[in-house]
Amino acid sequence: APTPAEGGALNDPMNHGVAGFIAQLKNNADFNKEFDQLFSIFLSNDGQSPGDISFGGYDLEKYAKKGAAITWADQSANEAYWAVNTKSVKYGNTTLSQANQQVIFDNGMSLAMAPETSFVGLIKGLNEHGFKCQETAPVWSCEGNPANYDKLPALEMNILLNAKGESSTIKMPKEAYLKFDPSQNIFFLLISPWQFQGLGGK
């Protein structure tokens with residue numbers, strides 16, 4: 001995952017220390033003759049479909065839903081992570097944020113994280129849908145009727161695409177934020193509160 005860097009190490013990685021894999025690809029003449037300067041990641045929501053990472057392109061026919069298109073968004077001012085700005089975030093009828101926040105697609109962690117204020121709104125929204133959540137270790141747990149699971153809404157993030165203010169909504173389905181453990185008859189929340197205050201939208 002991209003990590004914070006300083007000065008030239010960030011802007012000119014080939015001449016500061018050992019260059020990362022992506023920087024080496026970007027600066028490889030042979031690679032650039034055959035492939036585009038991009039990479040793509042496919043994450044599966046089930047145990048049967050393996051994930052995939054591709055360098056130099058993407059395969060919509062193989063890894064996307066039929067008729068799906070790619071949404072391109074400008075990188076936010078945060079140069080430490082792959083991040084974009086949002087206009088708003090909603091959970092069902094609950095607005096979690098109307099401020100300009102950043103969505104970090106790769107923070108180097110296994111679980112998703114949300115600013116504390118937005119996280120509180122998510123917990124309240126889950127409660128309205130019959131899921132009572134509490135802080136447990138290592139992740140929050142929720143009690144609820146499995147029959148209500150299919151009724152849960154997606155987490156919707158309205159992403160700013162460019163400086164013109166154009167936007168597009170991306171959705172995090174229930175399978176990505178809440179997982180049922182039948183052996184314990186309990187749900188585990190795959191989003192944790194983030195107390196770090198240093199990432200505002202720009």
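The model is predicted; local features need pLDDT of at least 70 and side-chain atom pairs count only at pLDDT 80 or more, whereas totals for chains, interfaces and linings use all residues. Residues are numbered from 1 along each chain as its sequence is written, and side-chain values use heavy atoms, with hydrogens and water left out.

The protein chain contains six helices and 13 strands. Helices (H or I, at least four residues) and strands (E, at least two) are DSSP runs, numbered from the N terminus. Of its 202 residues, 28% count as buried. The term buried denotes under 20% relative accessible area, exposed over 50%, and partly exposed the range in between (1.4 Å probe, protein chains only). Among contacts between residues at least 6 apart in sequence, 49% join residues at least 24 apart, a contact being heavy atoms within 4.5 Å.

Val89 lies in strand E3 (residues 82–91) and counts as buried, at 11% relative accessibility. Leaving aside residues up to four places away in sequence, Val89 touches Thr94, Thr95, Leu96, Ser97, Leu155, Glu156 and Met157. The C-alpha atom of Val89 is separated by 9.8 Å from that of Ile170, a residue 81 positions away along the chain. Ser97, one of the residues touched by Val89, also makes a polar contact through its side chain with the side chain of Gln101 (3.4 Å). A polar contact is a pair of N or O atoms within 3.5 Å; within protein, one must be able to donate a hydrogen and the other to accept it, and residues adjacent in sequence count only if both atoms are side-chain atoms. Gln101 is placed in the loop between strand E4 (94–97) and strand E5 (102–106), and with a relative accessibility of 18% Gln101 counts as buried.

One disulfide is present in the structure, a disulfide being a pair of cysteine sulfur atoms within 2.5 Å. In general, a disulfide is a covalent bond between the sulfur atoms of two cysteines. Here Cys133 is joined to Cys142, with an S to S distance of 2.1 Å. The link of Cys133 and Cys142 is right-handed, with 105 degrees about the S-S bond. Cys133 counts as buried because its relative accessibility is 17%, and Cys142 is likewise buried, with a relative accessible area of 0%. Pro138 lies in the loop between strand E7 (132–134) and strand E8 (141–143). The peptide bond from Ala137 to Pro138 is cis, with omega near 5 degrees.

A further backbone feature concerns Asn185, whose phi is near 55 degrees, a positive value in a residue other than glycine. Most residues other than glycine have a negative phi, and most peptide bonds are trans. Asn185 is located in the loop between strand E11 (178–181) and strand E12 (186–189) and counts as exposed, at 53% relative accessibility.

The structure holds two salt bridges, each defined by a side-chain nitrogen of Lys or Arg within 4 Å of a carboxyl oxygen of Asp or Glu. In one of them, Glu156 pairs with Lys171, and the closest N and O atoms are 4.0 Å apart. This pair links distant parts of the chain, with Glu156 in strand E9 (residues 155–160) and Lys171 in strand E10 (residues 167–172), 15 residues apart. Glu156 is partly exposed, with a relative accessible area of 30%, whereas Lys171 counts as exposed at 58% relative accessibility. The salt bridge of Glu175 with Lys174 has its closest N and O atoms 3.1 Å apart. Glu175 is partly exposed, with a relative accessible area of 36%, while Lys174 is buried, with a value of 14%.

Tyr58 is situated in the loop between strand E2 (52–55) and helix H4 (60–63) and is partly exposed, with a relative accessible area of 44%.
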